[in-house]
Amino acid sequence: MARVYNFSAGPSMLPEEVLKTAAAEMLEYGETGQSVMEMSHRSKEYQAIFDETEANLRDIMNIPDNYEVLFLQGGASTQFAMIPLNLMTKNGKADYIITGQWATKAYKEAARYGAAREVASSKDKTFSYIPKTTAADFDKDADYVHICLNNTIYGTKYHTLPDTGDVPLVADISSCILSEPIDVTKFGMLYAGAQKNVAPAGVTIVIIRKDLIGNAMDITPTMLNYATHAENGSMFNTPPCYAIYIAGLTFKWIKKMGGLEKMKEINEKKAKILYDFLDNSKLFKGTVVPEDRSIMNVPFVTGNDELDAKFVAEAKKAGFVNIKGHRTVGGMRASIYNAMPVEGVEKLVEFMKKFEEENA
Ligand SMILES: *Cc1c(COP(=O)(O)O)cnc(C)c1O
């Protein structure tokens with residue numbers, strides 16, 4: 001067996017230990033005589049898996065009791081509609097900061113249901129930075145402010161949160177959930193598709209302040225109402241059982257590793273190895289302004305499309321896969337989520353050095 005170093009932006013690598021546990025438990029979970037995939041979601045065995053998974057997430061992220069944790073389906077993209085349907089209901093308006101493609105999609109979806117306003121954007125420079133805002137930029141009557149905390153495609157991240165005053169901050173954390181500690185109390189709501197840093201695609205994690213639930217628009221489909229899921233412990237209908245089980249294994253792995261402080265330390269170490277190389281390279285360069293760089297997604301270019309393509313092809317042959325940039329931006333992107341070992345980044349940099357020598 002030869003596992004590659006997978007730099008995919010998502011679905012992405014999972015910790016090997018998680019995959020091994022899942023493999024060992026594939027035919028029989030505990031003494032149940034069945035796979036988790038085959039279990040009734042109403043069984044006490046599955047409920048125990050579910051409860052432990054939620055408890056571990058609450059523990060790792062330090063989620064206070066006045067927040068609901070929901071395990072939903074539909075990906076982060078379904079949240080783009082659920083957020084306005086459920087939250088844009090007091091004054092019918094919301095503020096959006098446009099930092100890339102996902103933020104744009106969230107904004108466009110919200111505009112279908114109410115007065116979504118673009119507060120700031122970094123589109124003028126291909127989303128290579130996070131636009132600065134002050135409290136005065138936000139509408140005090142907005143029902144919420146939406147941001148994308150880590151921009152998967154462009155490789156930027158918020159290192160300090162915008163000051164939105166009393167307006168609840170809603171953040172898409174799909175590509176940075178569990179990468180470092182986060183102060184949940186600073187947000188009205190956080191959400192993330194699982195396939196970047198948590199589990200296979202299929203489960204979407206929503207962490208929402210309880211007082212924000214229960215005010216959905218009348219047109220809101222039952223399945224898109226947070227109250228439906230909050231009142232039924234995420235089991236109004238069949239939840240994505242197996243993806244939740246894998247998320248649970250990942251949470252256990254993070255706890256064993258030393259929690260989010262430790263993840264942050266390792267992730268910063270990996271990112272530094274890559275950025276230090278890019279900053280000193282004569283061939284490769286990073287595309288993001290240094291102060292807004294992501295520690296999860298690192299886009300870079302040679303400045304020559306042919307050379308970029310050659311690099312991607314040779315990297316693949318050498319066992320570094322999915323390193324091509326997003327189809328809309330080109331170049332390269334190394335996604336270095338929690339499951340990517342330090343060694344993977346060190347070996348990638350060695351390979352980049354060699355490529356630079358050969359192609360200078
Ligand atoms: C991947 C991604 C999405 C889309 O997630 P789906 O689960 O495919 O809908 C949304 N936002 C961010 C920041 C992402 O990285």
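An oxygen atom of the ligand sits 2.9 Å from an N or O atom in the side chain of glutamine 195, which puts the pair inside the cut-off for a polar contact (N or O atoms within 3.5 Å). Serine 77 has a polar side-chain atom 2.6 Å from a ligand oxygen, and at alanine 76 a polar backbone atom is 3.0 Å from an oxygen of the ligand. On its own the ligand would expose 390 Å², and the protein buries 87% of that (accessible areas by the Shrake-Rupley method with a 1.4 Å probe). All of this comes from a predicted model, where local features need pLDDT of at least 70, side-chain atom pairs count only at pLDDT 80 or more, and totals for chains, interfaces and linings use all residues. Residues are numbered from 1 along each chain as its sequence is written, and side-chain values use heavy atoms, with hydrogens and water left out.

Stepping back to the whole shell, 13 residues surround the ligand (a heavy atom within 4 Å counts as near). Ser77, Thr152, Asp172, Gln195 and Lys196 are the closest. By class, the shell has four nonpolar, seven polar and two charged residues, with Asp, Glu, Lys and Arg counted as charged, Ala, Val, Leu, Ile, Met, Phe, Trp, Tyr, Cys and Pro as nonpolar, and the others, Gly among them, as polar. Helix 3 (residues 75-87) gives the most to this shell, with four residues; helices here are DSSP runs of H or I with at least four residues, and strands are runs of E with at least two.

Now for the rings: the structure holds 17 aromatic pairs (Phe, Tyr or Trp rings, the six-membered one for Trp, with centres within 6.5 Å; stacked means planes under 30 degrees apart). Tyrosine 5 and phenylalanine 320 make a stacked one, 6.1 Å centre to centre with 15° between the planes. Tyrosine 5 belongs to strand 1 and phenylalanine 320 to strand 13, so this pair ties together parts 315 residues apart in sequence.

Glycine 10 and proline 11 are joined by a cis peptide bond, with omega about -10°.

Terms used
A polar contact is a pair of N or O atoms within 3.5 Å; within protein, one must be able to donate a hydrogen and the other to accept it, and residues adjacent in sequence count only if both atoms are side-chain atoms. Rings of Phe, Tyr and Trp (its six-membered ring) pair if their centres lie within 6.5 Å; planes under 30 degrees apart count as stacked, over 60 as edge-to-face and the rest as tilted.
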